[in-house]
Amino acid sequence: MEDFIKLKDEGNKYFQSGDTDKAIECYSKVIKTCKDNKVLAVIYRNRSACYLKKENYANAASDASKAIDVDAADIKALYRRCQALEKLGKLDLAFKDVQRCATIEPKNKTFLETLRRLGAEIQQKLKTTFSTDSRVQNMFDILLDDEMEKDKREKAANNLIVLSREDAGAERIFQNNGVPLLLNMIETGKPEMILAAVRTLSGMCTGHKARAMAIIHMVGVDKMCSIMAVDNEEIALATCNLFQCINDSLTGGDKREYGKEEALVLDAAKDLKTILLSLLEMVGSKKVSGIGRDQALNLLSKNVPRNNKKDKDNSRTLFTIDHGLKKILKVCGQVPELPDQLPMTENTQLIASVLLNKLHDDLSCDPERDNFRDICDEYIKSKIDPNDMDKTIHAVNTISGLLQGPFDVGNALVGRQGIMEMMVALCGSEREVDQMVAIEALIHSSSKMSRASFIITNGVSLLKEIYKKTTNEKIKIRSLVGLCKLGSAGGDDYGLRQFAEGSTEKLAKQCRKWLCNPKIDTKTRKWAIEGLAYLTNDADVKDDFVEDETALKAMFELAKSTDKTIMYSVACTLVNCSNCYEKKEFLPELVQLAKFSKQHVPEQHPKDKKDFIDKRVKRLLKAGVISALAVMVKADSSILTNQTKEMLSRVFLALSMDAKDRGTIVAQGGGKALIPLALEGTEAGKTKASHALAKIAAISNPEIAFPGERVYEVVRPLISLLQTDKDGTENFEALKGLTNLAGFSEKLRVKIVKEKALPEIENYMFEDHEQIRQAATECMCNLVSCKEVQDRYLEDGNDKLKLMILLCGEDEEKLQIAAAGALAMLTAAQKKLCLKMTLVTTQWLEILQRLCLHTNSSIQHRGLVIVYNMLNSDNSELAKRLMESELLEILSVIGKAEDNPKRQCAIDAARECLIKAMDLGLIKPFSSPP
């Protein structure tokens, strides 16, 4: 029994000190071993209070009920259960509990107030429920009445969608026969009715597993797929969103605690499998529109591969490969110029390639990857038929799709005997479509130097001949891009030029000419950018390109078009022009050694030096690159791959290097565009985007750079740069950015604290590097007005306050200003810190005197404010000690000085200190001579 009491008391102490987790641990130990019902009732009641504090209301209600089972008149347990039930939305049950409390203690004001409030809420809820029911019915009546005016029907549709987004509204629609009525709206076949119905269903399925499963069975997966298959972009997108809402609810998006009702919520695995199979069926079906196929591929791309590789279960990917890989390959192999092809948009095949890449990346071992490659190999072999050229070019186009997705798989297949030779042979075919498909495949397969060398040997003359002889612009431009890619196979290495001097400039000039010709279709002009993406590895080409403002603007306009397959090429071109690609640094000793052993040493082009790069960046900004980047960032997530995001992040960082250009970036929406890049993508991409954000946040007005709620999204990327694996420049600029944000509003300060930035900022206050230490101290100075930060300085057992005092004694003036400013605010807000200052270091008085004697009036003013705060701290001993030191003489000298606008703040502060000392009776007023 003594052990139980000891554990209980220990739990109570933890609870009172605010450590609820430790309190729960102590109470749980008693519950496991104690058999005494009366003791258990008290423990359950106490643990219920802990759960209430942690906002775990289901457990709080459960524990309170167990206490009430022992003693039905346990007033504390009854009231705690009432509080928990209210939070769970069970107002009627909460009302009954507080009613019992008020019966036991009829004069208790808390119980009476809660009783009155809950009664009013229940009445309001009933009133709302009845009015919502009639509103729902009225909306359906208007929508299904063909004679009703159009604007009234539109208003009713919008109201229904809004209502479905609230949980209570969605439940009322569901309970009032809403799903069959929504199906009636779909059956009308009118696009606006279908759209309203689908969006309402999305709202009803969001975050509610049980309702989502019921809707799946009432509407049917096949029906939803048939709606998404229509050739209407708005309807296809809305249905895609419906599928996403259902998937999220069924896979963990529903955070409700069902309690005993959990058993009624069926296992969702079967429904998820049905949806997956139906989407795979859509991918290869001729009955599906191009936009519908895009959405099916997007859903697979988003929901099949694992989001986190630490999760070992990749069964959805393996299932998709077994049941749908050939269907996805079929999409990649489509040749729109041939008859009887699947309906597609300009983006479909790229989305399919991206999906293939994600599926391949999600495989966790060699046997799985071998199986993937074998299925691809088998599919391509089955399509190669010397007697059927249509099937053969389908196989070649499939390889192109793989080379744009999982390159290693495509590369392995191209390396199979006869494949490369077949592609070169097809270039000489009489059919233009054969030439076009073969040239595209050659372009995609020549990424490896060995492949490029093979084609230079076997295919360059053929490509030149096709380029000269063909009258078809589409083939002409593709053969030119093939030559462009081969000409740039050495990358930016000046010593590995594949063609003669001047050849690449001629190719680039032709690409620019096509790019600027508005009469040529978008798809063909896209290939001109593809050519420039390769050729701009050459510094002469990129220098000429950025000088051609017309060509730059033409590229930016294409980047904003609906054809998003262009994004990767645009991103590559911009990375090349701004030289922001990853560059290996070679030690001079190794370079000399390589030269001595006659090894190839990469050479830098004279125009790849900093001055030339800076000029190119300025030209890009002048031509409007930021608005193009902002549009590209908003592209569909399947097309905007992590690799493309990383390149866009690199470009943004290169553009924001000069502080003078950051205003232009902000004005054209660059600040907002950077936020998604900093939150999602590769680690390198997120770091580059976060660094660019930090540069902008450090010197811009946050309200203008990141309008509305977006400013709060900037905090996390900046904090991510405070990790020790990031370089010093990133640490420094992140701290400067956080300093600016912290000085802007209390809400932002609270956000920075909640994101657990304080320990990182404190660590950098110990940094040896002067600028980083100063930036961290300035950041802390802007944060100390926050209550949570002050509490950290009040805590015992750390050196935070000591460090701040010692930093005031450093020689660097900017550091002193920040540290003394922080100390002045801390001692003004928390009087206890005034005494604590004298206990943490023996140097406090010497440092304080140095601050008050400083020649810099800003530092002197801060020191005098600290003195005033200590005099005003309600500690007479501390005040007396200050006035018995040399500080009195310092204050007298400063206070007696003549008014001086440059030092007036310090003079006034000294006089305030002297007046306070007189009020405390520590010194006598100045007496003027008779």
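**Salt bridges to start with**

A search of the whole structure turns up 46 salt bridges, where a salt bridge is a side-chain nitrogen of Lys or Arg within 4 Å of a carboxyl oxygen of Asp or Glu. Before you click further: this is a predicted model, where local features need pLDDT of at least 70 and side-chain atom pairs count only at pLDDT 80 or more, while totals for chains, interfaces and linings use all residues. Residues are numbered from 1 along each chain as its sequence is written, and side-chain values use heavy atoms, with hydrogens and water left out.

Select Glu-113 and Arg-116. They form a salt bridge, with 2.7 Å between the closest N and O atoms. Both sit in helix H7 (residues 109-143), three residues apart, so about one helical turn separates them.

Now jump to Arg-773 and Glu-810, whose side chains meet in a salt bridge at 3.9 Å, N to O. This pair links distant parts of the chain, 37 residues apart: Arg-773 is in helix H45 (residues 770-783), and Glu-810 is in the loop between helix H47 (800-808) and helix H48 (813-829). Arg-773 counts as buried at 15% relative accessibility, whereas Glu-810 is partly exposed at 29%.

**Into the core**

Next, select Leu-515, Leu-655 and Tyr-793. Of the 260 residues in the largest nonpolar core, these three touch the most other members. Such a core is a set of buried Ala, Val, Leu, Ile, Met, Phe, Trp, Tyr and Cys residues joined through side-chain atoms within 4.5 Å. Color helix H11 (residues 191-205) too: with nine residues, this helix gives the most to the core.

Then look for another core, apart from that one, with 33 residues, including Tyr-27, Tyr-51, Val-98 and Phe-111.

**A helix under cover**

Last stop: helix H34 (residues 625-633). Seven of its nine residues are buried, so H34 is largely enclosed by the rest of the structure. Among the buried ones are Val-625, Leu-629 and Val-633. What covers them? Show helix H30 (549-559), helix H33 (610-623) and helix H35 (642-655), which are among the elements covering the buried residues of H34.

Methods. Buried < 20%, exposed > 50% of the residue type's maximum accessible area, 1.4 Å probe, protein only. Helix = DSSP H or I, 4+ residues; strand = E, 2+ residues; numbered from the N terminus. Contact = heavy atoms within 4.5 Å.
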